[in-house]
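Dear colleague,

Please find below the structure that I am handing over to you. My notes on what was found in it follow directly after.

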Amino acid sequence: MKKLAPSILSADFSRLAEDVAAIEKGGADYVHVDVMDGHFVPNISFGSTVMKSLEGKTNLPFDVHLMIEDPDDYLEDFLTPATEYITVHQEACTHLNRTVQHIKSLGVKAGVSINPATTLATLDYILEDVDMVLIMSVNPGFGGQKFIPSALEKIRELAEIRRSEGLDFEIEIDGGVNLDNVQEIASAGTDIIVAGSAVFKTADIEDTTKQFVSKIRSV
Ligand code: DX5
Ligand code: ZN
């Protein structure tokens, strides 16, 4: 079953718990947590304390997306009973295999993400070790950007690699997803779909979430 992971980057932080309650009522599967350090990406978002403020306020698991340099130094900070995935960027890890093993040693699932200009080939020697691959369909750093169409080709190729090599990682996409393009994206082979502004910058977050969920479930 395909899953929806709304990104709280576009939520109203002054009422974060209410916004997350709305996506939970709407049927979302994860809370996508976008952490930006102002170095790896040209923006600063929030750290683990903001994520942890949601503990006990939602039953949704956390899908943590670290857009930060030296992620090994901060992995433990994002460990909560609700943390299901911690994803790091291939471009930010000098010793990617070591970082992936580090994440798994914490008892959570390990994801690796690649930027739009990074090839799938850079993941050749890590695919069998990861639980998820996150394909960026915008240059990371900001919500509300336009979907980069070449990400669809990457998703199709990655799904084919997974099939031919008999692997079983999840495929996630992140950036520029909206109600108009979500079905095409889901059909390309995506398992987990992130949407930020298209969910939270709407008048009725719960209803928008329901619309997303019904579109991806029908693919
Ligand atoms: C981009 C983040 C995304 C972003 C998606 O740097 O990783 O998760 O919040 O936002 P939208 O859906 O608005 O493109
Ligand atoms: Zn993200």
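Contact, as the word is used here, means heavy atoms within 4.5 Å. The model is predicted, and every value below was computed from it.

Leaving aside neighbours within four places in sequence, Ile8 is in contact with Phe13, Leu16, Val20, Val31, His32, Val33, Phe46, Leu54 and Phe200. Ile8 belongs to the largest nonpolar core, which has 62 residues. Together with Ile23, Val31, Val33 and Leu66, Ile8 is among the members that touch the most others in this core. Helix H4, which spans residues 150-165, supplies the largest share of the core, namely five residues.

The ligand site comes next. There are 20 residues around ligand 1, and those that come nearest are Asp34, Gly141, Asp174, Gly196 and Ser197.

- Gly141: a polar backbone atom is 2.7 Å from an oxygen atom of ligand 1.
- Gly144: a backbone N or O atom lies 2.7 Å from an oxygen atom of ligand 1.
- Ser197: an N or O atom in the side chain is 2.5 Å from an oxygen atom of ligand 1.

On its own, ligand 1 has 380 Å² of accessible area, and the protein covers 100% of it.

Phe142 also deserves a note. This residue lies in the loop between strand S6 (132-136) and H4. Not counting residues up to four places away in sequence, Phe142 touches Leu9, Met36, Pro42 and Asn43. Phe142 and Gly175 are 33 residues apart in sequence, while their C-alpha atoms are 8.8 Å apart in space.

I turn now to charged pairs. Side chains of opposite charge can pair when their charged atoms come close. How many salt bridges does a search of the whole structure find? The search finds seven, and three of these are described here.

Arg15 counts as partly exposed because its relative accessibility is 36%. Asp19, by contrast, has a relative accessible area of 3% and is therefore buried, the cut-off for that class being under 20%.

The other two pairs are found in helix H4. Arg156 and Glu153 both lie in this helix, three residues apart, or about one turn. Their salt bridge has its closest N and O atoms 3.7 Å apart. Arg156 has a relative accessibility of 39%, so this residue counts as partly exposed. Glu153 is partly exposed as well, with a relative accessible area of 41%.

Glu160 and Arg163 are likewise both in helix H4 and three residues apart, about one turn of the helix. Their side chains meet in a salt bridge at 2.8 Å, N to O. Glu160 is partly exposed, at 39% relative accessible area. Arg163 counts as exposed because its relative accessibility is 59%, and the limit for that class is over 50%.

With kind regards

Notes: Residues numbered from 1 in each chain as written. Chains lettered and ligands numbered in written order. Predicted model: local features only at pLDDT ≥ 70, side-chain atom pairs only at ≥ 80, totals over all residues. Heavy atoms only, no water. Core = buried A, V, L, I, M, F, W, Y, C linked by side-chain atoms within 4.5 Å. Buried < 20%, exposed > 50% of the residue type's maximum accessible area, 1.4 Å probe, protein only. Helix = DSSP H or I, 4+ residues; strand = E, 2+ residues; numbered from the N terminus. Near = heavy atom within 4 Å. Polar contact = N/O pair within 3.5 Å; in protein donor to acceptor, adjacent residues only side chain to side chain. Areas by Shrake-Rupley, 256 points an atom, 1.4 Å probe, with all protein chains shown as cover. Salt bridge = Lys/Arg side-chain N within 4 Å of Asp/Glu carboxyl O.
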